[in-house]
Amino acid sequence: MQLTGEQLIGYQVIRGKGRELLAINPDNQQAISTPVFNCATSDLVDQACELAEQAFDPLRATAPETRARFLEAIADGILELGSTLIERAHIETGLPVARLEGERGRTASQLRLFATVLRQGRWQTATFDTALSDRQPLPRPDLRLCKIPLGPVVVFGASNFPLAFSVAGGDTASALAAGCPVVVKAHRAHLGTSELVGRVIQEAARRLELPEGTFSLVVGDGSDVGQQLVSHPAIKAVGFTGSRSGGLALMRTAAARPEPIPVYAEMSSINPVFLLPGALAQRANAIATSFVDALVMGAGQFCTNPGVVLAVEGPDLETFLAQAGASLSEKAAQTMLTPGIHSAYEKGVNRVAAEIGIEPVASGKAQSGGSQAQGHLYQTTAASLLSNSGLLEEVFGPAAIVIRCQSVEDMLAFARSIEGQLTATLHMENQDQAIAQGLVQAMEKKAGRILVNGFPTGVEVCDSMVHGGAFPATSDSRTTSVGSTAIERFLRPVCYQNFSDALLPDALKQDNPLNIWRQIDGQPTAPNR
Ligand code: NAP
């Protein structure tokens, strides 16, 4: 497949008339000369949004089976790109080939998961309260509920998942599954990768004869193209993964519209890890080694990167620190995704290192040139933290702080006061049960996922996953951006009262033509009944 640097607007391929952009190889910080991308001007952004609006009714009228086949065709098309996709993603992101191959597999299985969700039909939440015409003092009408898609969705591709959270990533897959047309703003960290995947989606939509406008891909600056997309009256929801400042800017824009719309923004999280005394006494060395592996994985560029560790002062904590330091000092520097993300990491690390009460524990191997990130581990005390809350701002990359606590009460106080998080982790043994209960109670109110005896990096894509959490981990703690229930973000319930069968959506027709699970008068009812 030939890259051209053009915009994909519905079924058209159009050269933008805005400024030129080139992809950058973060390994050497050199521009990749082909192709030249031109940013979209506002007329193209309007065109993409208007086409999406026109596509909405015919797309939502398609059978779930048609959309399931669409998602499967996208998954097949991505795999068929073979090494073309992996090589382009590798030079644009610096991510190792093996990681990208793994991410490609996750992207395809995520698309297939939503195909299964569509076929099972539970997402429609078909619910019946049958009429009670003899009820006293008033009869009950026939009432039926199901969920319908919100409308066109804008997705901002994430820098740190060029495949699994970008053009055909989780936000796009869940929105398309719901029946929402999608306009993606490509992330400048992987422009060519975005075009390759975008062309696969465009071709799959064409082959399945889906309405033009089901999908568009635009390239441009967040400050104009991104803002225009979120402000456009045709757009009804936004999916975003990135910085806190970027997410907050989009939330403000969405809230200020004449018709405010939901923004599902995944922003910042430092993912606390609590080392409980029993676990630290039994396996300080093993925990330290696994912690450092998780910390430096993918140059720390995971939203679930463990950025803060808490433990009670004592010889076991010294053992942990010694082993973590030894392990980290063996770790090579790694290329970060973009020069901008690298310089933000360096600034973050320098800011932390300059704080009063912070001491270095160890650093990884340094490497000059390119966007190379060296790992860093610091330590401080719970008391210093009280006067220095800036230490708990996310530093995106392989850096973490160990907080030395005087007692488990310090850990509990931390858990009660920390901001919302994607994850919280407990390392514990049976004797830590009572402390764990207190921490779980505190962290349930903050985190989307709580883990025991593991590390939060590596997010399973499945029905029970929650990749969410209270603000600022996400802008809406009621939802998840990973896993099958991510579809909920792009649906809303409608109640149909006293409808004839002919007027009802298929999910609510009497003879269950979609053959799905439904709830009838409070009872779950299997298909074929
Ligand atoms: P970003 O700067 O927030 O950008 C993400 C996307 O949003 C880009 O397409 C960007 O467009 C757009 N955008 C940013 N600000 C905007 C605004 N005010 N209005 C409209 N659109 C806007 O994130 P990033 O480039 O991926 O990385 C920068 C930093 O974000 C990292 O250093 C890290 O701190 C954080 N980050 C966090 C996570 C996480 O999961 N927690 C993941 C990735 C990044 P432009 O590029 O054109 O501005």
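Entry 1: I began with His-187, where an N or O atom of the side chain is 2.9 Å from an oxygen atom of the ligand. That is a polar contact (a pair of N or O atoms within 3.5 Å). Next I looked up Ser-159, which has a polar side-chain atom 2.6 Å from a ligand oxygen. For Ser-243 I also noted 2.6 Å between a polar side-chain atom and an oxygen atom of the ligand. The protein covers 83% of the 860 Å² of accessible area that the ligand has on its own (Shrake-Rupley method, 1.4 Å probe).

**A note on the model.** This is a predicted model, in which local features need pLDDT of at least 70 and side-chain atom pairs count only at pLDDT 80 or more, while totals for chains, interfaces and linings use all residues. Residues are numbered from 1 along each chain as its sequence is written, and side-chain values use heavy atoms, with hydrogens and water left out.

**Entry 2: the shell.** I found 24 residues around the ligand, and Ser-159, Arg-188, Gly-222, Ser-243 and Met-267 come nearest. To be near, a residue needs a heavy atom within 4 Å. The shell divides into nine nonpolar, 10 polar and five charged residues, with Gly counted as polar.

Which elements give two or more residues to the shell? I listed α7 (222-231), β10 (237-241), α8 (244-256) and α11 (339-354). Of these, α8 gives the most, with three residues. Helices (H or I, at least four residues) and strands (E, at least two) are DSSP runs, numbered from the N terminus. Domain 1 (8-133 + 141-267 + 480-488) and domain 2 (272-452) each supply at least three residues to the shell; the bounds come from an automatic or database domain assignment.

Entry 3: Most peptide bonds are trans, and most residues other than glycine have a negative phi. I looked for exceptions. A cis peptide bond joins Thr-34 and Pro-35, with omega about -10°, and Pro-35 lies in strand β4 (residues 30-38). Another cis bond joins Phe-471 and Pro-472, with omega about 5°. Pro-472 is in the loop between β20 (447-452) and β21 (491-497). Ala-299 has a positive phi of about 55°, and I placed Ala-299 in the loop between α9 (277-296) and β13 (308-312).

Conventions
A polar contact is a pair of N or O atoms within 3.5 Å; within protein, one must be able to donate a hydrogen and the other to accept it, and residues adjacent in sequence count only if both atoms are side-chain atoms.
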